[in-house]
Amino acid sequence: MSYGTIVNDVSTDHKTSDSARRPLHRRRSSVVPTEKLKAMGPYNGDHEALIDSDDDEASVASAQAGVKRLEVIASTWSKSSLYVAYFGICMLAYATSLEGQTTVNLTIYATSAFSAHSLVATVMVVQGVVLSVVKPPMSKLADVFGRFEAFTLSVFIFSIGYIQQAASHNVETYAAAQIFYAAGSTGLQILIQIFIADTSDLVNRALCSTLPAMPFLINVWIGAPLAQTLLRRASWRWGYGIWAVILPVAYLPLALALYINQRKAAKKGILPPSPLQGRGYWQAIKHLWFELDVFGLVLICAGFSLLLIPLSLISDGGWNNHGLLAMLVIGAVCLAVFPFWERSKTFAPRAFFPGSLFKKRTVLAGFAISFFYFMTYYLSVYPYFQSYLLVVQSRSIASAGQIVQMWTFAATITSILVSLAIKYTKHYKYFITTGACINLLGLILMQIFRVEGASVAVLAGTTALVGVGGGMLNVPAQLGVQASASHQEVAAATAIFLTFLEVGGATGSAISGAIWSANIPHKLALYLPVETQDQATAIYKNITLASSEWQMGDPTRVAINRAYQETMSKTLWVAICVAIPVILLSFLMENYKLDEIEQHVTGVVIGVDADTAPKSRSASYGASLPRRLSTESALGESEPMLSPGRSAQVRRGSKDS
């Protein structure tokens, strides 16, 4: 008996012989005979009409073209193709990491070429907003058009940003370049995480998700020397321009792996066409309006932008600025309207954030954890801890920088170790709760021991402890959110998770900035001796003046240190209060057994062999049984679909088993 292309299928009958075994793809036993498929004509994305699905699984049964293209590509590639793709991911991660650690040291040299420095500072705020709000539209583009297309677009935009920065001759060009740079950078960040979610099972995903962070362990030590070498032997322009060549070269392995296997699928006739194929101009616009959920993306991007820009500027006395306050209100309204829009079947049939996700406790708890956890970082470590170290602790710039970097270094090491532990324990929730407790403990110890005269070991140790807590929180929380989403939903869930992370950071930065600007000037005016009271404003605005003009023990330096110490203590108290809800939220996360629930991926993936996987049922999703796949082309020719990893399963479970 010959079968055609698989539209949607799952089976829990393990007694079927290999020759007659039906392939698994999504949900419900629904193999379409070749004759019927031929009668339907070329694949046009509408074949899912054959699938009988429940209303609550509509998003599953109607996965968008980009998701389908990735699933088809994953069904055609071999293990070696997947390894080449992951080599490309590692190359991209290393290149972007080294670039970030290098160009951060070139900014002051680039901006010194222009006179309008204040405009550059404003653009830095907008760049931060772009880094946050580009994630949702980029993930949606990947769902609609495909992963290969979205990756290529991001690399192109990233390269344009590099070229613009290198060639800029005025501050306006440099400002525009920062926006392109931020859009390309954050696009790659979210796409790498989406690709990892596409191509790894839940047991191994945490470990795979740490790959982009691993280069930091090396590049943090070589970025500054590389920048110094570029400045000495070339110029700051070359320091930007070389990445316009390096990044596309680093992208080649991933691009080739995706493109070659996409061509394979096209030759077999199983590759879904472009969503624009066969449509006229207005039909294409209407189709993309719904497929991209344009208004939904406008709501979420406008909402986050109108919140983030005021939060980034409000610390400079902006609480009395009615324009900024109006932006905050409008942004909040946009975000409040967003869930209602997304739940409308009429206005948002292809919702960016499906209504079903709003009902999932683990998803909402994960978003809240990312928000509060990153807020504590911006209240305890960045941006004012380094200033505190320079002034109160009288540390050198190098020493202060190394102490601050201990947070990221400890968090990266911990996330790798935790990811390995998740791989072998098959659980993630325990690490979130433990990490939340360690994070809170580290903040309390910071409050106790972050005092004038503290040793480097104490300062670095408490910072590292908070980093350990952060390393145990981030990747497991993201994993829990992804485990609650279908393959169609995983890109949106990941994008919103990372966006909440950025918004939490911006909120923490705004709060710490408000505390800093409200307290330092007031306390300086209160504590400074009479002879230097007239310099209070200058001391507040000039870190060099505050840290080096007066020796330790001088009455003026004592007053400055006291003002900084008391203000830092206030920000730490806020950080402690913000860290408490993270512990409570961790209890709301579902304690999934990762090898027993649906994996939401198809084809060859990173994971344990399907034949050795436990054959048990998911309490949350119903049947979710890994099996080695076989598929047959539209012409009825049977060929094996390799599945060394966790093969794709049902979206939630089969009622036909």
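Reader: What share of the protein chain counts as buried?
Author: Of its 657 residues, 58% count as buried, where buried means under 20% relative accessible area, exposed over 50% and partly exposed in between, with a 1.4 Å probe and protein chains only. This is a predicted model, in which local features need pLDDT of at least 70 and side-chain atom pairs count only at pLDDT 80 or more, while totals for chains, interfaces and linings use all residues. Residues are numbered from 1 along each chain as its sequence is written, and side-chain values use heavy atoms, with hydrogens and water left out.

Reader: And how many helices and strands does the chain have?
Author: The protein chain has 26 helices and 4 strands, taken as DSSP runs numbered from the N terminus (H or I of at least four residues for helices, E of at least two for strands).

Reader: At what angle do H21 and H26 pack?
Author: Helix H21, residues 429-449, packs against helix H26, residues 555-586, at about 165°, and their axes are 9 Å apart; the axes are lines fitted to C-alpha atoms over the stretch in contact, with angles from 0 to 180 degrees between N-to-C directions. H21 and H26 are therefore roughly antiparallel, as angles over 145 degrees count as roughly antiparallel, under 35 as roughly parallel, 65 to 115 as roughly perpendicular and the rest as oblique.

Reader: Which residue classes make up that contact of H21 with H26?
Author: The contact, meaning heavy atoms within 4.5 Å, involves residues including Leu440 and Leu443 of H21 and Trp573 and Ile576 of H26. By class, the contact of H21 with H26 has 15 nonpolar, 5 polar and 1 charged residues.

Reader: How about H4 and H11, what is their crossing angle?
Author: The axes of helix H4 (residues 79-103) and helix H11 (residues 216-233) cross at roughly 55° and come within 7 Å, and the two helices are therefore oblique to each other. Among the residues that meet are Tyr94 and Leu98 in H4, with Phe216 and Leu230 in H11. The contact of H4 with H11 has 10 nonpolar, 5 polar and no charged residues.

Reader: Changing topic, is Lys360 buried or exposed?
Author: Lys360 is buried, with a relative accessible area of 16%, and lies in the loop between helix H17 (355-358) and helix H18 (361-380).

Reader: Which backbone oxygen does the Lys360 side chain reach?
Author: The side chain of Lys360 reaches the backbone oxygen of Ser484 at 2.6 Å. Leaving aside residues up to four places away in sequence, Lys360 touches Ser484, Ala485 and Glu489.

Conventions
Ala, Val, Leu, Ile, Met, Phe, Trp, Tyr, Cys and Pro count as nonpolar, Asp, Glu, Lys and Arg as charged, and the others, Gly among them, as polar. A polar contact is a pair of N or O atoms within 3.5 Å; within protein, one must be able to donate a hydrogen and the other to accept it, and residues adjacent in sequence count only if both atoms are side-chain atoms.
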